[in-house]
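Dear colleague,

Here is the structure I said I would pass on. My notes on it follow below.

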Amino acid sequence: MKKSNIINAIYYQMKPLIPRRFQIWIRSKIALQKYRSHSNSWPIMENAAKPPNGWPGWPNHKQFALVLTHDVETALGQKKCYQLIDIEKQLGFRSSFNFVPERYEVSSKLRENLEHQGFEVGVHGLKHDGKLFTSQKTFLERAEKINIYLKTWGAKGFRSPAMHHDLNWLHHLNIVYDSSTFDTDPFQPQPDGVETIFPFSVVATASLKKYIELPTTLPQDFVLFILLKEVKIDTWKTKLAWIYKNAGMALLNTHPDYMNFGTVKGGLEEYPVQYYVDFLHYVKTKYGGQYWHALPKEAASFIKNNNSI
Ligand SMILES: [Zn+2]
């Protein structure tokens, strides 16, 4: 095992016992180390640009796809959702919001509001306690409950907490798509990337059950602004230019929890929402008319209904 992976493994075992401030400090140190050692594979991994066989291109002959998603980690994050929705709506964007069913009380009013306004609701784990993938038994027990929430909420998609994933086990969820992977992201606790900036089908060998995998392809806000302490959106711009060039899917996951809307002093784990606003403005100004802006469920059904892939 590599030194960085050993540190990672120890860290995640000890995590519940470590004060949050120290957790961030140590994760920041590890992230900076990885930043230096992965400069040739992050944020850009060149071989992730190859389109799948039979790739038809994006709808309406657009050059690339833009998919915006959010994971809502806590009740505090949930409270910030309305402000975030307003920002996106004003700029003409729509996104999906993934909620944790059994960590805080998920507001049915907010869910209905999102659906009503043309946004999307997804499921983000079950409890967000880091245990979903600890054993197949645990996963199967929890999958039953997750399936109930998927059905009750009318949700089509799933994202796993901390991007833990096992693409075979995910067949036990009644989903149209999963989005718990990434093309390249050495900063995640389970850092195995799928090395593609295109969606792909995942078919079960025995049952032939199928779902679509939508890898995230732009670095997460937490990594850039909290761990690496970046104060500009240059990394997003660089990666977006490369995705544009290679006609891939720009899929971003940001968290309202970490966004500071300027109403109170920013906490240790917050960054100014202006960074995200800057990104939306930038996409619109620089690439207006050239991208297919889709909700994740729309991107997934485009792939699902396309027989050539
Ligand atoms: Zn999460």
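At 61% relative accessibility, Leu208 counts as exposed, where exposed means over 50% relative accessible area, buried under 20%, and partly exposed in between (1.4 Å probe, protein chains only). The model is predicted, so local features need pLDDT of at least 70 and side-chain atom pairs count only at pLDDT 80 or more, while totals for chains, interfaces and linings use all residues. Residues are numbered from 1 along each chain as its sequence is written, and side-chain values use heavy atoms, with hydrogens and water left out.

Leu208 sits in the loop between β6 and β7 (210–213); helices (H or I, at least four residues) and strands (E, at least two) are DSSP runs, numbered from the N terminus. Leu208 is not a glycine, yet has a positive phi of about 60°. His61 is also not a glycine and has a positive phi of about 55°. It is found in the loop between α2 and β1, and its 82% relative accessibility makes it exposed. The loop between α2 (20–37) and β1 (64–72) also holds Pro43, which is joined to Trp42 by a cis peptide bond with omega about 0°.

Phe97 and Phe119 form a tilted pair, because their ring centres are 6.3 Å apart and their planes lie at 50°. Phe97 is in strand β2 (residues 96–99) and Phe119 in the loop between α4 (108–116) and β3 (120–124), so the pair ties together parts that are 22 residues apart in sequence. Both Phe97 and Phe119 are buried. Elsewhere, Trp55, Trp58, Phe198, Trp292 and Phe302 make up one aromatic cluster.

Asp183, in the loop between β5 (177–178) and β6 (200–203), counts as buried at 1% relative accessibility. Leaving out residues up to four places away in sequence, its contacts (heavy atoms within 4.5 Å) include Met45, Glu195, Thr217 and Lys239.

Regards

Key:
Phe/Tyr/Trp six-rings, centres within 6.5 Å; stacked < 30°, edge-to-face > 60°.
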